[in-house]
Amino acid sequence: MPEVLKIKNLHQTFERGTVNENRVLRGIDLNLEAGDFVTIIGSNGAGKSTLLNSIAGTLPIQEGQIILNGNDITKLPVTKRAQNISRVFQDPKMGTAVRLTVEENLALAMKRGQRRGFRPGVKKQDRKFFKKQLAQLNLNLENRLETEIGLLSGGQRQAITLLMATLQRPDLILLDEHTAALDPQTSITVMQLTEKLISEQHLTAFMVTHNMEDAIRYGNRLIMLHQGRVAIDLAGEDKQNLTVPKLMELFQKHVGAGLEDDAILLA
Amino acid sequence: MAIGVYLTFRILDLADMTAEGSFPLGGAIATMCIIKGINPILATGAAFIGGLIAGLVTGILNTKLRIPSLLAGIITMTGLYSITSRVMQNAANVSLLGKDTVFTIAQNWGLSRNNAVIAMGLIIALLVIFLLVVFFKTEIGLAMRATGDNPQMSAANGIKTQGMKILGYMISNGCIALSGGLLSQNNGFADLNSGVGTLVIGLASIIIAEVLLRNLSIGGRLLTLVLGAIIYRLILALVFQMNVEPSDAKLASALVLVVCLTLPNFHLPHNLKGGKKDAGSTKN
C-alpha cells in the first residue's frame with residue numbers, strides 16, 4: 001500500500017518558555033497508508049485536536065515534519081494544504097458559510113484548492129451533479145439548492161459539510177469530533193454517511209472522537225493518544241476484535257496508570 | 001455610497017472607517033480632473049480608482065500588517081486627509097462652476113436639472129449594482145462572501161482570505177469614492193471636509209434597508225440600500241423641518257442612527273448582529 005501521510009517526530013508546545021508551558025504533543029510518529037480510516041481517541045488534553053490542527057495547517061509546526069504523498073507540507077499554509085486535505089469541524093456552523101445557499105457552498109467546495117476566476121460560481125452542469133449528490137443523503141435536500149445554509153438544522157449542515165469535504169476527492173480527510181454536537185439519532189445518520197463516503201471513494205481518513213464505541217466500530221485502525229504520545233495503535237484483526245473493556249485494559253497496561261471509563265467518555 | 005459601506009460592513013463583517021477619507025478623496029479627484037478638462041465620466045472613473053487604492057492601503061494594513069480593521073481604517077482616513085488636500089492643491093474647497101459634469105451631460109439630453117440628477121444617479125447606481133451582482137456570483141465573488149461569513153471554513157477550502165479581504169476593501173472604497181465624485185459634481189464643488197459622517201450615513205442606509213426588507217437575494221439587498229439611503233435622507237429632512245439648528249445636524253443624524261440600530265433588536269434580537277462565532281481553534 002502506498003503511504004499517504006507520514007508524520008515524523010511532531011512536537012507542539014503552547015506558551016513555550018513561560019510558567020504555563022504546555023507540551024501538548026511530545027513526539028508523534030505516524031504513517032498512514034492509502035485507504036486507512038483511523039479513529040483517534042484520548043482524554044481531554046491528550047493532543048487530538050492539536051494533532052489535527054497541525055496536519056490541517058491551522059497551527060504552525062514547531063518541531064517535526066509532515067509529509068503528504070511524498071511532499072513535505074510542514075511549512076505550507078492552510079490554503080495550500082487545502083488542495084489535498086479537506087476537513088469537517090465539530091461545530092456544524094464551522095463547516096459552511098451561513099449566508100450562502102446550499103449550492104453556493106457546494107460550489108465553493110468544488111473549487112477547493114484550485115484557482116478561482118471570474119467564471120460563474122455555480123455552473124449549470126454543477127447543479128445537476130449537486131442534486132445527485134444531495135439525493136444520496138436522504139435528507140430531502142436535493143430540492144433546496146437555493147436555501148441559505150443558515151436555515152438548515154445542525155445535522156443537515158454537517159451532512160452537507162461532509163459532502164463538501166468529499167466533492168473534490170481529497171488525499172486526506174480530517175474529521176474533528178464531527179458528530180459530537182449532534183443529537184444521538186442524527187449523529188448515527190452522519191456517522192453512517194461518513195462511512196459510506198469514505199468507503200465509496202477509498203478515502204484516507206483521520207477521525208477524532210470522544211465516543212469509544214464509535215472509535216471501535218468504525219475504521220480499520222485505532223489510535224489512542226495519551227499526554228501527547230501515541231499510547232495504543234491497533235489495526236487489522238486486533239482492531240476488529242476490540243471491545244470497550246479490552247481497550248481499557250490495554251490502556252492500563254500501556255500507561256501503567258489507572259483509568260476510569262468515564263474519564264475518557266465524559267472528558 | 002451605502003453600497004460601498006455595505007460591502008465591508010455586511011459582506012466582510014468589518015466596519016471600515018476609510019470611507020470617511022475615500023469619500024472626499026473621490027470628490028477631489030473628480031473635481032480636479034474636470035477642471036483640468038478631462039471628460040466628466042472619465043473623471044468619475046478616476047475617483048473610483050482613487051478609492052480602490054485607498055482600500056488597498058487599508059486592506060494591506062489590516063491583513064498583512066495585522067492592524068485591527070477599525071484602526072487600519074482610521075489610519076488611512078487620517079492620511080487621506082493630507083492626500084485629498086494635496087489633490088485639491090491645498091484649497092479647502094474647489095468650485096466646479098460652469099464646468100461640465102456627468103449631470104450636465106444628462107441635461108443635454110433635454111432633461112431638467114433635477115431630472116438629470118435623478119436619471120444619472122439611477123443609471124450609475126443600477127450599473128454599479130448590476131456589476132456587483134454579477135461579480136458576487138462568480139467564483140471569486142463567492143469566495144469573498146464566504147470569507148466574510150466564515151473565514152476558517154474559507155481557508156479550509158483553499159480561499160486566500162487575506163487577498164479576498166483586500167479586494168473587498170478596494171471595491172468598497174472604490175464605490176465610496178465614486179459616490180464622493182458624484183456628489184461633488186452635483187454640489188458643484190469639492191469639499192475637504194465632506195467625509196465627516198459618511199460612515200454613519202452609509203450604515204444608517206444599510207440598517208433602514210434591512211429593517212424594511214429582509215431575506216432578499218444579494219441583488220435585492222443592494223437595491224434596497226438605495227431605498228434605505230433615500231429614506232434616511234427623508235427622515236433627516238423631517239428632523240430638520242422641526243427647526244433643528246444646522247450645527248446640531250450631526251447630532252440629529254447620530255441619534256437617528258441609534259434609533260435605527262436599536263429598533264430592530266426589539267423585534268428580532270438574533271438577526272442583525274449576525275452572531276459572532278468563537279472559533280476556539282486551539283482547543284485540544
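Predicted model: local features only at pLDDT ≥ 70, side-chain atom pairs only at ≥ 80, totals over all residues.
Mentor: Local features here need pLDDT of at least 70, side-chain atom pairs count only at pLDDT 80 or more, and totals for chains, interfaces and linings use all residues. Residues are numbered from 1 along each chain as its sequence is written, and chains are lettered from A in the order in which they are written.

Trainee: Which residues make the contact?

Mentor: Helix 2 of chain B brings B:A19, B:E20 and B:F23, and helix 10 of chain B brings B:T198, B:L199 and B:G202. Contact means C-beta atoms, placed from the backbone, within 7 Å.

Trainee: What makes the span of helix 6 of chain B close to the one expected?

Mentor: The expected span is 1.5 Å times one less than the number of residues. With 24 residues, helix 6 of chain B reaches 34 Å from its first C-alpha to its last, close to the expected 34 Å.

Trainee: Which residues of helix 6 of chain B are buried?

Mentor: They are B:A116, B:M120, B:V128, B:L132 and B:F136. Buried means that 20 or more other C-beta atoms lie within 10 Å of the residue's own.

Trainee: How many residues of chain B are in contact with chain A?

Mentor: There are 23, facing 35 residues of chain A. Helix 7 of chain B gives the largest share of chain B's side, eight residues.

Technical notes:
Contact = placed C-beta atoms within 7 Å. Helix = DSSP H or I, 4+ residues; strand = E, 2+ residues; numbered from the N terminus. Buried ≥ 20, exposed ≤ 12 C-beta atoms within 10 Å, placed from the backbone.
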